[in-house]
Amino acid sequence: MQNITVLGATGSIGQSTLDVIARHPDQYQVHALTCHQQVESLIQQAIIHQPKFLVITDPAYYVQAQQLAKQAKLSAEVLSGAESLQYVAEHPHVDCVMAAIVGAAGLLPTLSAVKAGKKVLLANKESLVMSGSLFIQEVQRSGAILLPIDSEHNAIFQCLPATYQYGKPQQSGIDKILLTGSGGPFLTTPVAELASKSPQQACAHPNWDMGRKISVDSATMMNKGLEFIEVCWLFGVSPQQVDVVIHPQSVIHSMVQYNDGSVLAQLGNPDMRTPIAHAMGYPERIESGVAKLDFSNMQNFSFSQPDYQRFPNLKLAIEAASQGQYASTALNAANEVAVAAFLRGQLNFTGIAKLNNEVLQRVTSQSLRSIDEVIAYDQQVRRQAQQCLQEVA
Ligand code: NAD
Ligand code: MG
């Protein structure tokens with residue numbers, strides 16, 4: 001029996017995780033569930049999964065959560081505040097932590113799970129993008145098992161040899177990692193029309209049903225940019241060893257190309273329960289509830305190169321991956337400010353990449369030697385991005 005903490009339980013990944021857990025009551029038990037504000041859905045989840053702890057990070061919702069938990073006769077202890085996330089992530093009774101908080105808010109609790117040597121299922125790509133080598137050093141020091149949930153990275157993980165050594169792709173005969181992306185809802189929209197796209201249109205992804213921030217990132221392809229940086233850190237490969245390939249059908253989730261000409265791909269329906277079940281069960285395979293691919297009824301696969309004119313954010317991220325940690329951290333911070341402003345109606349769609357570019361032009365190279373420095377830098381860049389927002393909007 002494995003005890004699991006689900007950070008960000010009420011989100012899209014959190015809900016899919018609980019769906020997989022519910023299919024295996026003999027193997028997994030929920031230790032803690034967390035959310036920022038959606039207390040009603042958290043309580044509904046708690047009624048089903050009966051965790052030991054509930055964490056509500058926004059203190060404004062704490063009293064309501066306590067009342068609802070009492071009404072539902074839950075035995076769970078209800079905690080509030082960001083520090084409580086770390087408590088339930090590193091708790092000695094926990095075997096496995098699903099890191100599914102969105103954005104920079106996921107960094108500290110994910111790192112707590114890593115430092116405590118847990119099996120960490122990483123959906124929160126922003127934490128790795130922000131802290132890169134510091135994060136990986138902690139994984140290596142603590143002996144935590146880090147398993148990727150992002151469908152592309154999970155696919156790559158599955159296509160690598162079991163003997164793969166971190167940072168040594170050549171030793172495994174690897175030529176390239178081929179990171180696939182659908183291109184999102186605006187792949188064929190005339191570029192001149194992009195500026196007027198609404199949050200609702202940007203969030204209507206053709207293949208995946210996801211939270212709003214990652215949906216907007218998919219529409220600008222910043223998501224693929226963050227994933228590009230994520231690949232480099234997860235597997236210890238250089239930016240030159242990664243190519244982005246547009247594959248609108250989202251059936252191939254990524255590929256690894258070897259020196260002998262072989263290309264290994266992982267395929268499946270676009271449903272996050274597949275990578276979640278893969279990582280939860282690893283190294284075993286467990287049922288996920290995902291419909292099997294039907295090859296008798298398969299649409300054609302197509303592939304193309306990304307167009308940086310249409311997706312300037314992708315280019316910014318690929319460049320940031322070579323520039324150093326400060327550039328990736330800055331880009332992630334600027335992008336979180338830009339996407340939040342777009343979702344509030346304060347910035348138009350093409351303004352997101354403009355703001356990101358403007359912020360990156362203004363930051364200068366510096367070394368980030370500790371997580372405290374990463375967090376301070378993230379905060380500093382957010383303030384700069386807020387200033388730029390007045391100019392760009
Ligand atoms: P979501 O918006 O649906 O859910 C986010 C969760 O984080 C919610 O439970 C919310 O309460 C919590 N949260 C939000 N702000 C918080 C804060 N300040 N402090 C603490 N908790 C907070 O997001 P999602 O789509 O589930 O994505 C979660 C993460 O997984 C993101 O990093 C995303 O990039 C990654 N991811 C998602 C998908 C997907 O299909 N949804 C795929 C790959 C990777
Ligand atoms: Mg992905």
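**Exercise 1. The spacing of the magnesium donors**

Task: determine which spacing along the chain the donors of the magnesium ion (ligand 2) follow, and state which residues coordinate the ion.

Solution. In this predicted model, the donors of the magnesium ion (ligand 2) follow the pattern D-x1-E-x74-E along the chain. The coordinating residues are D150 (OD), E152 (OE) and E227 (OE), at 2.1 Å, where donors are N, O and S atoms within 2.8 Å of the metal (3.2 Å for Na, K and Ca), and since water is not among the atoms, sites may look incomplete. Helices (H or I, at least four residues) and strands (E, at least two) are DSSP runs, numbered from the N terminus. The last step concerns accessibility, for which buried means under 20% relative accessible area, exposed over 50%, and partly exposed in between (1.4 Å probe, protein chains only). E152 has 8% relative accessibility and therefore counts as buried, and E227, at 1%, counts as buried too.

Residues are numbered from 1 along each chain as its sequence is written, and chains are lettered from A and ligands numbered from 1 in the order in which they are written. Because the model is predicted, local features need pLDDT of at least 70 and side-chain atom pairs count only at pLDDT 80 or more, while totals for chains, interfaces and linings use all residues; side-chain values use heavy atoms, with hydrogens and water left out.

**Exercise 2. Aromatic pairs**

Task: state how many aromatic pairs a search of the whole structure finds, and classify the pair formed by F53 and Y87.

Solution. The search of the whole structure gives 4 aromatic pairs. Rings of Phe, Tyr and Trp (its six-membered ring) pair if their centres lie within 6.5 Å, and planes under 30 degrees apart count as stacked, over 60 as edge-to-face and the rest as tilted. For F53 and Y87 the ring centres are 5.5 Å apart and the planes stand at 90°, so the pair is edge-to-face. This pair links distant parts of the chain, since F53 is in strand β3 (residues 53-56) and Y87 in helix α4 (residues 82-90), 34 residues apart. Their accessibilities follow: F53, at 8% relative accessibility, counts as buried, whereas Y87, at 39%, counts as partly exposed. The rings of F342 and F349 have centres 5.7 Å apart and planes at 70°, so they too form an edge-to-face pair. Both F342 and F349 are buried, and ring pairs link F186, F342 and F349 into a cluster.

**Exercise 3. Contacts of two residues**

Task: find which residues N335 is in contact with, leaving aside its neighbours within four places in sequence, and which residues L316 touches, not counting residues up to four places away.

Solution. N335 is found in helix α13 (residues 325-343) and, at 0% relative accessibility, counts as buried. With the neighbours within four places set aside, N335 is in contact with K213, D217, M222, N313, I352 and N356. L316 has its place in helix α12 (residues 312-323) and, at 10% relative accessibility, counts as buried. Not counting residues up to four places away in sequence, L316 touches L331, A353, N356, N357 and L360. The C-alpha atoms of L316 and A353, 37 residues apart along the chain, are separated by 8.5 Å.

Definitions and conventions. Contact = heavy atoms within 4.5 Å.
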